[in-house]
Amino acid sequence: MPSTSYLDKDFGASYYDRFRPSYPNTLVHKILSYHNEKTENELNTLVEVGCGTGIATKLFMNHFKKCIATDASSSMLECAKNTLPKDSNVTYKLAKGECLVEDGKIGLNSVDMVIGAQSIHWCDFYTLFEQVHKILKPNGTFAFWFYTQPEFIELNGFNEIYYKYGWSDEFMGKYLTPFQRHFFTKFTENDQLMDQLKNHFDDIKFEVSCYSKGHSDPNAPYYQTTEMSMSDLRDLVKSWSLYTSWVKHHPNDTIDIADRFINEVIEKFNITDENKLFKVQWTTFYYMCRNK
Ligand SMILES: C[S@@+](CC[C@H](N)C(=O)[O-])C[C@H]1O[C@@H](n2cnc3c(N)ncnc32)[C@H](O)[C@@H]1O
(Lines give C-alpha, C1' and ligand atoms only; values in the text may rest on other atoms or scores of the structure.)
Protein backbone atom coordinates (compact mmCIF):
# COMPACT_ATOMS: atom_id res chain seq x y z
CA MET A 1 0.00 0.00 0.00
CA PRO A 2 1.27 3.52 -0.75
CA SER A 3 2.12 5.57 2.31
CA THR A 4 1.81 9.34 2.41
CA SER A 5 3.01 12.17 4.64
CA TYR A 6 -0.57 13.48 4.68
CA LEU A 7 -1.11 10.94 7.45
CA ASP A 8 1.64 12.44 9.65
CA LYS A 9 0.16 13.98 12.80
CA ASP A 10 2.06 17.21 12.10
CA PHE A 11 1.36 17.44 8.35
CA GLY A 12 1.01 21.13 7.36
CA ALA A 13 -2.70 21.00 6.57
CA SER A 14 -3.32 24.75 6.73
CA TYR A 15 -0.40 25.35 4.35
CA TYR A 16 -1.99 22.79 2.02
CA ASP A 17 -5.35 24.55 2.27
CA ARG A 18 -3.77 27.88 1.43
CA PHE A 19 -1.93 26.83 -1.71
CA ARG A 20 -4.07 24.15 -3.35
CA PRO A 21 -6.54 25.01 -6.11
CA SER A 22 -10.27 24.52 -5.78
CA TYR A 23 -12.46 22.97 -8.48
CA PRO A 24 -14.64 24.63 -11.11
CA ASN A 25 -18.39 24.95 -10.63
CA THR A 26 -18.87 23.43 -14.06
CA LEU A 27 -17.49 20.14 -12.68
CA VAL A 28 -19.79 20.27 -9.64
CA HIS A 29 -22.79 20.89 -11.88
CA LYS A 30 -21.80 18.16 -14.29
CA ILE A 31 -21.64 15.63 -11.44
CA LEU A 32 -24.94 16.79 -9.94
CA SER A 33 -26.74 16.68 -13.29
CA TYR A 34 -25.37 13.21 -13.96
CA HIS A 35 -26.74 12.16 -10.56
CA ASN A 36 -30.12 13.79 -11.25
CA GLU A 37 -30.50 12.07 -14.62
CA LYS A 38 -31.99 9.20 -12.62
CA THR A 39 -35.18 10.82 -11.39
CA GLU A 40 -35.46 8.49 -8.38
CA ASN A 41 -32.05 9.69 -7.11
CA GLU A 42 -32.11 11.97 -4.08
CA LEU A 43 -29.70 14.48 -2.57
CA ASN A 44 -29.88 13.37 1.04
CA THR A 45 -26.45 12.06 2.00
CA LEU A 46 -23.06 12.77 0.51
CA VAL A 47 -19.89 10.97 1.58
CA GLU A 48 -16.50 12.34 0.68
CA VAL A 49 -13.41 10.11 0.63
CA GLY A 50 -10.13 11.87 1.49
CA CYS A 51 -11.82 15.22 2.13
CA GLY A 52 -8.54 16.83 3.22
CA THR A 53 -9.13 20.39 4.39
CA GLY A 54 -12.61 20.49 2.83
CA ILE A 55 -11.86 22.22 -0.47
CA ALA A 56 -14.39 20.09 -2.38
CA THR A 57 -16.71 19.62 0.62
CA LYS A 58 -17.44 23.35 0.47
CA LEU A 59 -18.59 23.09 -3.12
CA PHE A 60 -20.94 20.15 -2.59
CA MET A 61 -22.28 20.45 0.95
CA ASN A 62 -25.10 22.88 0.25
CA HIS A 63 -26.55 20.59 -2.40
CA PHE A 64 -27.17 17.80 0.16
CA LYS A 65 -29.11 17.53 3.43
CA LYS A 66 -26.17 15.83 5.14
CA CYS A 67 -22.45 15.39 4.36
CA ILE A 68 -19.99 12.96 5.89
CA ALA A 69 -16.45 14.14 5.27
CA THR A 70 -13.95 11.31 5.79
CA ASP A 71 -10.17 11.27 5.71
CA ALA A 72 -7.38 9.04 6.99
CA SER A 73 -5.41 12.04 8.29
CA SER A 74 -6.23 13.61 11.65
CA SER A 75 -4.34 16.81 10.76
CA MET A 76 -6.34 17.25 7.54
CA LEU A 77 -9.66 16.56 9.28
CA GLU A 78 -8.84 19.00 12.07
CA CYS A 79 -8.13 21.69 9.49
CA ALA A 80 -11.41 20.91 7.66
CA LYS A 81 -13.33 21.27 10.93
CA ASN A 82 -11.72 24.64 11.55
CA THR A 83 -12.21 25.85 7.99
CA LEU A 84 -15.83 24.89 7.26
CA PRO A 85 -18.65 26.73 9.05
CA LYS A 86 -19.29 25.35 12.56
CA ASP A 87 -23.05 25.14 11.99
CA SER A 88 -22.83 23.34 8.65
CA ASN A 89 -24.43 20.00 7.76
CA VAL A 90 -21.02 18.27 7.72
CA THR A 91 -19.88 15.54 10.12
CA TYR A 92 -16.27 14.36 10.15
CA LYS A 93 -14.97 10.80 10.37
CA LEU A 94 -11.40 9.63 10.65
CA ALA A 95 -11.52 6.67 8.26
CA LYS A 96 -9.63 5.29 5.32
CA GLY A 97 -11.55 4.96 2.10
CA GLU A 98 -10.96 1.23 2.45
CA CYS A 99 -12.83 1.17 5.82
CA LEU A 100 -15.88 3.38 5.29
CA VAL A 101 -18.26 0.79 6.74
CA GLU A 102 -16.08 -0.49 9.57
CA ASP A 103 -14.30 2.68 10.80
CA GLY A 104 -16.53 5.36 9.26
CA LYS A 105 -19.62 3.48 10.52
CA ILE A 106 -21.45 4.46 7.36
CA GLY A 107 -24.58 2.37 6.85
CA LEU A 108 -25.08 -0.03 3.97
CA ASN A 109 -27.25 1.34 1.13
CA SER A 110 -27.51 4.66 2.94
CA VAL A 111 -25.67 7.13 0.72
CA ASP A 112 -26.78 9.00 -2.41
CA MET A 113 -23.39 10.14 -3.67
CA VAL A 114 -19.72 9.46 -2.92
CA ILE A 115 -17.03 11.85 -4.10
CA GLY A 116 -13.23 11.80 -4.06
CA ALA A 117 -11.32 14.97 -5.01
CA GLN A 118 -7.66 14.38 -5.74
CA SER A 119 -7.69 11.62 -3.14
CA ILE A 120 -8.54 8.07 -4.10
CA HIS A 121 -5.12 7.32 -5.61
CA TRP A 122 -3.99 6.83 -2.00
CA CYS A 123 -6.48 3.98 -1.53
CA ASP A 124 -6.43 0.40 -2.61
CA PHE A 125 -8.95 0.63 -5.45
CA TYR A 126 -10.29 -2.91 -5.11
CA THR A 127 -11.24 -2.45 -1.44
CA LEU A 128 -12.35 1.17 -1.84
CA PHE A 129 -14.71 0.34 -4.71
CA GLU A 130 -16.22 -2.52 -2.68
CA GLN A 131 -16.83 -0.17 0.25
CA VAL A 132 -18.33 2.54 -1.96
CA HIS A 133 -20.58 -0.06 -3.59
CA LYS A 134 -21.78 -1.21 -0.16
CA ILE A 135 -22.69 2.23 1.21
CA LEU A 136 -24.27 3.65 -1.96
CA LYS A 137 -27.94 3.14 -2.71
CA PRO A 138 -28.71 1.44 -6.05
CA ASN A 139 -28.01 3.93 -8.86
CA GLY A 140 -26.21 6.16 -6.35
CA THR A 141 -23.37 8.12 -7.92
CA PHE A 142 -19.64 7.76 -7.40
CA ALA A 143 -17.55 10.62 -8.83
CA PHE A 144 -13.83 11.26 -8.45
CA TRP A 145 -11.42 13.58 -10.12
CA PHE A 146 -7.81 14.69 -10.26
CA TYR A 147 -5.57 17.49 -11.37
CA THR A 148 -2.28 15.97 -12.28
CA GLN A 149 -0.12 19.02 -12.91
CA PRO A 150 -0.07 22.61 -14.09
CA GLU A 151 1.16 23.02 -17.67
CA PHE A 152 2.86 26.38 -18.30
CA ILE A 153 1.79 26.76 -21.87
CA GLU A 154 4.28 29.51 -22.72
CA LEU A 155 7.26 27.54 -21.36
CA ASN A 156 8.03 24.87 -23.91
CA GLY A 157 10.03 22.16 -22.12
CA PHE A 158 8.60 22.86 -18.63
CA ASN A 159 6.92 19.44 -18.52
CA GLU A 160 10.26 17.62 -18.76
CA ILE A 161 11.58 19.42 -15.68
CA TYR A 162 8.29 18.83 -13.86
CA TYR A 163 8.50 15.13 -14.71
CA LYS A 164 12.02 14.90 -13.35
CA TYR A 165 11.17 16.44 -9.97
CA GLY A 166 7.51 15.51 -9.57
CA TRP A 167 6.98 12.12 -11.15
CA SER A 168 10.24 10.28 -11.79
CA ASP A 169 11.91 8.25 -9.05
CA GLU A 170 14.99 10.48 -9.24
CA PHE A 171 13.45 13.06 -6.89
CA MET A 172 10.09 13.52 -5.14
CA GLY A 173 8.26 11.10 -7.45
CA LYS A 174 10.06 8.26 -5.71
CA TYR A 175 7.44 8.45 -2.97
CA LEU A 176 4.79 7.38 -5.49
CA THR A 177 4.19 3.72 -6.22
CA PRO A 178 4.81 2.65 -9.85
CA PHE A 179 1.04 2.22 -10.05
CA GLN A 180 0.41 5.84 -8.98
CA ARG A 181 3.02 7.14 -11.42
CA HIS A 182 1.35 5.23 -14.24
CA PHE A 183 -2.08 6.36 -13.08
CA PHE A 184 -1.16 10.05 -13.27
CA THR A 185 1.13 10.13 -16.29
CA LYS A 186 -0.69 7.60 -18.51
CA PHE A 187 -4.19 8.56 -17.49
CA THR A 188 -5.79 7.47 -20.76
CA GLU A 189 -4.49 3.93 -20.22
CA ASN A 190 -5.96 3.17 -16.80
CA ASP A 191 -7.55 -0.12 -17.92
CA GLN A 192 -7.08 -1.73 -14.54
CA LEU A 193 -9.14 0.97 -12.84
CA MET A 194 -11.87 0.67 -15.50
CA ASP A 195 -12.03 -3.10 -15.02
CA GLN A 196 -12.27 -2.77 -11.26
CA LEU A 197 -14.95 -0.10 -11.53
CA LYS A 198 -17.01 -2.33 -13.82
CA ASN A 199 -17.30 -4.92 -11.01
CA HIS A 200 -19.64 -2.61 -9.10
CA PHE A 201 -20.62 0.30 -11.30
CA ASP A 202 -22.38 1.02 -14.60
CA ASP A 203 -22.62 3.91 -17.02
CA ILE A 204 -18.97 4.90 -16.47
CA LYS A 205 -17.95 8.32 -17.83
CA PHE A 206 -14.36 9.48 -18.13
CA GLU A 207 -13.01 12.76 -19.53
CA VAL A 208 -9.54 14.29 -19.77
CA SER A 209 -8.29 17.86 -20.28
CA CYS A 210 -4.62 18.01 -21.22
CA TYR A 211 -3.07 20.83 -23.21
CA SER A 212 0.07 18.95 -24.32
CA LYS A 213 -1.98 15.98 -25.50
CA GLY A 214 -4.35 18.16 -27.52
CA HIS A 215 -7.38 17.80 -25.22
CA SER A 216 -8.00 21.44 -24.58
CA ASP A 217 -11.67 22.37 -24.64
CA PRO A 218 -12.62 25.46 -22.61
CA ASN A 219 -16.19 24.13 -22.52
CA ALA A 220 -15.20 20.85 -20.87
CA PRO A 221 -16.66 20.52 -17.35
CA TYR A 222 -13.26 20.07 -15.74
CA TYR A 223 -11.20 22.67 -17.58
CA GLN A 224 -9.01 24.51 -15.11
CA THR A 225 -6.86 27.47 -16.07
CA THR A 226 -5.10 30.08 -14.03
CA GLU A 227 -2.06 32.33 -13.99
CA MET A 228 0.91 31.30 -11.89
CA SER A 229 4.31 32.72 -11.09
CA MET A 230 7.43 30.78 -10.15
CA SER A 231 6.79 31.86 -6.59
CA ASP A 232 3.27 30.35 -6.77
CA LEU A 233 4.72 27.15 -8.20
CA ARG A 234 7.17 26.92 -5.30
CA ASP A 235 4.28 27.29 -2.80
CA LEU A 236 2.33 24.58 -4.60
CA VAL A 237 5.26 22.15 -4.60
CA LYS A 238 5.75 22.69 -0.88
CA SER A 239 2.15 21.59 -0.27
CA TRP A 240 2.81 18.14 -1.77
CA SER A 241 3.03 15.16 0.53
CA LEU A 242 5.88 14.06 -1.78
CA TYR A 243 7.79 17.23 -0.83
CA THR A 244 7.21 16.57 2.90
CA SER A 245 8.39 12.98 2.45
CA TRP A 246 11.52 14.14 0.61
CA VAL A 247 12.41 16.73 3.26
CA LYS A 248 11.86 14.15 6.04
CA HIS A 249 14.24 11.71 4.41
CA HIS A 250 16.90 14.23 3.28
CA PRO A 251 17.60 16.32 6.38
CA ASN A 252 21.10 17.18 5.16
CA ASP A 253 20.14 18.71 1.81
CA THR A 254 22.01 21.97 1.34
CA ILE A 255 19.39 23.27 -1.05
CA ASP A 256 15.68 22.76 -0.56
CA ILE A 257 14.28 20.39 -3.20
CA ALA A 258 11.45 22.78 -4.19
CA ASP A 259 13.98 25.60 -4.63
CA ARG A 260 16.18 23.33 -6.73
CA PHE A 261 13.21 22.49 -8.97
CA ILE A 262 12.08 26.11 -9.39
CA ASN A 263 15.64 27.39 -9.87
CA GLU A 264 16.07 24.97 -12.75
CA VAL A 265 12.90 26.28 -14.41
CA ILE A 266 13.98 29.89 -13.83
CA GLU A 267 17.38 29.24 -15.34
CA LYS A 268 16.10 27.33 -18.37
CA PHE A 269 13.59 30.04 -19.31
CA ASN A 270 15.69 33.06 -18.21
CA ILE A 271 12.94 34.23 -15.86
CA THR A 272 14.10 37.42 -14.17
CA ASP A 273 10.99 38.12 -12.06
CA GLU A 274 9.75 35.30 -9.80
CA ASN A 275 6.37 37.03 -9.54
CA LYS A 276 5.80 37.28 -13.30
CA LEU A 277 2.55 35.51 -14.12
CA PHE A 278 2.35 32.80 -16.78
CA LYS A 279 -0.70 31.16 -18.30
CA VAL A 280 -1.34 27.74 -16.82
CA GLN A 281 -3.66 24.99 -17.91
CA TRP A 282 -4.07 22.11 -15.49
CA THR A 283 -4.11 18.57 -16.72
CA THR A 284 -7.26 17.14 -15.21
CA PHE A 285 -9.46 14.07 -15.47
CA TYR A 286 -12.62 12.83 -13.84
CA TYR A 287 -14.77 9.72 -13.60
CA MET A 288 -18.48 9.34 -12.84
CA CYS A 289 -20.41 6.09 -12.47
CA ARG A 290 -23.58 4.59 -10.97
CA ASN A 291 -23.86 1.88 -8.38
CA LYS A 292 -25.14 -1.48 -9.64
C1 LIG B 1 -4.26 15.54 -2.18
S2 LIG B 1 -5.22 15.44 -0.74
C3 LIG B 1 -6.84 15.87 -1.34
C4 LIG B 1 -7.67 16.54 -0.28
C5 LIG B 1 -8.96 17.18 -0.73
N6 LIG B 1 -9.91 16.21 -1.19
C7 LIG B 1 -8.75 18.26 -1.77
O8 LIG B 1 -9.47 18.28 -2.77
O9 LIG B 1 -7.88 19.10 -1.58
C10 LIG B 1 -5.37 13.68 -0.50
C11 LIG B 1 -6.12 13.33 0.76
O12 LIG B 1 -6.29 11.90 0.83
C13 LIG B 1 -6.13 11.50 2.17
N14 LIG B 1 -5.81 10.08 2.22
C15 LIG B 1 -4.62 9.46 2.07
N16 LIG B 1 -4.77 8.12 2.15
C17 LIG B 1 -6.09 7.89 2.34
C18 LIG B 1 -6.89 6.71 2.50
N19 LIG B 1 -6.36 5.50 2.42
N20 LIG B 1 -8.20 6.88 2.68
C21 LIG B 1 -8.77 8.11 2.73
N22 LIG B 1 -8.08 9.25 2.60
C23 LIG B 1 -6.76 9.14 2.40
C24 LIG B 1 -5.04 12.41 2.69
O25 LIG B 1 -5.01 12.45 4.09
C26 LIG B 1 -5.39 13.72 2.04
O27 LIG B 1 -6.23 14.50 2.84
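A residue counts as buried if 20 or more other C-beta atoms, placed from the backbone, lie within 10 Å of its own, as exposed if 12 or fewer do, and as partly exposed in between. By that count, 39% of the 292 residues in the chain are buried. The model is predicted: local features need pLDDT of at least 70 and side-chain atom pairs count only at pLDDT 80 or more, while totals for chains, interfaces and linings use all residues. Residues are numbered from 1 along each chain as its sequence is written.

**Overall fold**
- The chain has 11 helices and 8 strands, taken as DSSP runs (H or I, at least four residues, for helices; E, at least two, for strands) and numbered from the N terminus.
- Its C-alpha atoms fill a box of roughly 60 × 40 × 35 Å along the principal axes.
- Of the contacts (C-beta atoms within 7 Å, placed from the backbone) with a separation of 6 or more, 74% are between residues 24 or more positions apart.

**Strand β8**
- Strand β5 (residues 136–152) runs antiparallel to β8, joined by 11 bridges, and F152 stands opposite V280.
- Strand β6 (residues 201–209) is also antiparallel to β8, with 7 bridges; here D202 faces R290.
- Strand β7 (residues 225–228) is joined to β8 by 4 bridges, again antiparallel, and E227 has K279 as its bridge partner.

**Ligand surroundings**
- The ligand is surrounded by 22 residues, the closest being Y6, G50, G52, S73 and W122; a residue is near if its C-beta atom, placed from the backbone, lies within 6 Å.

How values were computed. Two residues are in contact if their C-beta atoms, placed from the backbone, lie within 7 Å. Two strands pair if DSSP finds at least two bridges between them.
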